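I opened this model today to look up a few strands, charged pairs and helix contacts. My notes are below.

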Amino acid sequence: IQDDLKRQRCSPHPYKQMGKTFRFSPVRRVEQGSTRVSVGEGCSPVRSPLHSPGTSNSVGCVPSLREDSCHNANSSLPPSLIKDKLSQQILELFLACEQQSEDLERKESCRAQLQRDIQRLFPCARVFLAGSSLNGFGSRSSDADLCLVVQDGPVNQRTDAVCILSLVQKLLYKLSYIERPQLIRAKVPILKFRDRISGVEFDLNVNNIVGIRNTFLLRTYAYIEKRVRPIILVIKKWASYHRINDASRGTLSSYTLVLMVLHYLQTLPEPVIPCLQKDYPECFSPVMDIHLVPDGPKNIPSFVSKNQSSLGDLLLGFLKYFATVFRWDKCVISVREAKALPKPNCREWKDKFICVEEPFDGSNTARAVHEKMKFDDIKAQFTEVCNSRELLRGMFLTFLTGLILIVLQKLYVPVECC
């Protein structure tokens, strides 16, 4: 039945003329076996990075996009890194919540079908899966981000992107496997909808190329060191619980939180992770052809850190760093430089409460925090839990125990196995 539903197509005729009104240049085609690119009249067959032969990985730290993430070595951390109860709880929560291979396959199946249907409007368009679904920091309940690439080059987000998404929205109304398409006119407009078959919620943007680049940068950080993914998942859960993880409500986006954690792990006296953009600039060039980006980090080796702090110690250290060490009013968080940069005296930065540099385009990913009250709430969550190390450890043990019980109940696992 699912296959029959997904074979249904919207007739191209109602949109035939509309599709011609947008005379975008076709996206670039990569010549096989070469890094050269050319713009041609026709379009090459579109392959998802998930099933591209070029993404096989035999030597690098980043697993192939086809591999099951739950077979990653995170489940076999050395005993010294999970020696205490808090570290064990962090790992348990991570293993219960991490995105499974079947979750990713469901998202990829909808992406592939959607691309075929959208190509009836824009024959050379390509749809990329991005965000937490691919970067290694997604959970089983994560929504999916999609990027519709319609041309080689930027698209005016206020005009052209809205027009394109409006056409796509009309198309989605006619597709039986899509429900509730809603156009959100934000700074980067998105089209929200739900896959009726898998139940996954999707956000589709137009030509937000930087989102594809940072997906594969973050994916490399996720797998270059075994402690990164568990720590980030728990911090995202903690932030959501305290209602400071929602950019639409003026707090921190998940992307900003991830960059904050990576910055902390980079800036320890003995770093837990390296600075990838400094050490491997050729793999993360901001001008690399977008279709080569998924293959960029495939040969980067694992990072061997001298820092052997446990998961629990790193979690507590992160909270203490942003509660007592980091200067919110003076510094910009930079993962690209692996350090805190002085805040520039320009409009984009000087009046912002939180400054986190986007690694590729240099924008402020925390610009949603524009109210002092929200900023004070965020700071309060860091400072209130740092009264003493033992109290903080006890609070997190209680928090994680309750969270694990909730997760197991949602997954229909008997609570006794906790």
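These entries go from strands to salt bridges to helices.

**Entry 1: the model itself.** I am working from a predicted model.

**Entry 2: strand β7.** I began with β7, residues 201-206. Is this strand enclosed or open? Five of its six residues are buried, so the rest of the structure largely encloses β7.

I then looked up its partners. β7 pairs with strand β4, residues 144-149, in the parallel sense. I count five bridges there. Across that pairing, L204 of β7 has L146 opposite.

The other partner I noted is strand β6, residues 190-195. β6 and β7 run antiparallel and are joined by four bridges. Here F202 of β7 stands opposite F193.

Entry 3: Side chains of opposite charge can pair when their charged atoms come close. How many salt bridges does the model hold? The count comes to 18.

I looked at R194 and E179 in this set. They form a salt bridge, with the closest N and O atoms 2.2 Å apart. R194 is in strand β6 and E179 in strand β5, residues 178-184, so the pair links distant parts of the chain, 15 residues apart. Are both ends buried or exposed? E179 is buried, at 14% relative accessible area. R194 is partly exposed, at 23%.

Next I checked D203 and K192. This salt bridge has its closest N and O atoms 2.9 Å apart. D203 sits in β7 and K192 in β6, so the bridge ties together parts eleven residues apart in sequence. D203 counts as buried at 16% relative accessibility, because the cut-off is under 20%. K192 reaches 29% and therefore counts as partly exposed.

**Entry 4: a salt bridge inside a helix.** I moved to K372 and D376. Their side chains meet in a salt bridge at 3.0 Å, N to O. Both residues lie in helix α13, residues 372-384. They are four residues apart, about one turn of the helix. D376 is partly exposed, with a relative accessible area of 29%. I also noted a network: E179, R180, R194, R196 and E201 are joined by salt bridges that share partners.

**Entry 5: α8 against α11.** Two packed helices are described by the angle between their axes and the distance between the axes. I looked up both for helix α8, residues 228-241, and helix α11, residues 311-325. Their axes come within 10 Å and cross at roughly 50°. That angle makes α8 oblique to α11. The crossing is right-handed.

Which residues meet at this crossing? From α8 I listed P230, I231, V234, I235 and W238. From α11 I listed L311, L314, L315, F318 and L319.

**Entry 6: T215.** What does T215 touch beyond its neighbours within four places in sequence? I found contacts with A130, G131, L134 and N135.

Terms used:
Residues numbered from 1 in each chain as written. Predicted model: local features only at pLDDT ≥ 70, side-chain atom pairs only at ≥ 80, totals over all residues. Heavy atoms only, no water. Buried < 20%, exposed > 50% of the residue type's maximum accessible area, 1.4 Å probe, protein only. Helix = DSSP H or I, 4+ residues; strand = E, 2+ residues; numbered from the N terminus. Pairing = 2+ DSSP bridges. Salt bridge = Lys/Arg side-chain N within 4 Å of Asp/Glu carboxyl O. Axes fitted to C-alpha atoms, helices over the stretch in contact; angles between N-to-C directions. Parallel < 35°, antiparallel > 145°, perpendicular 65-115°, else oblique. Left-handed = near helix turned anticlockwise from the far one by under 90°. Contact = heavy atoms within 4.5 Å.
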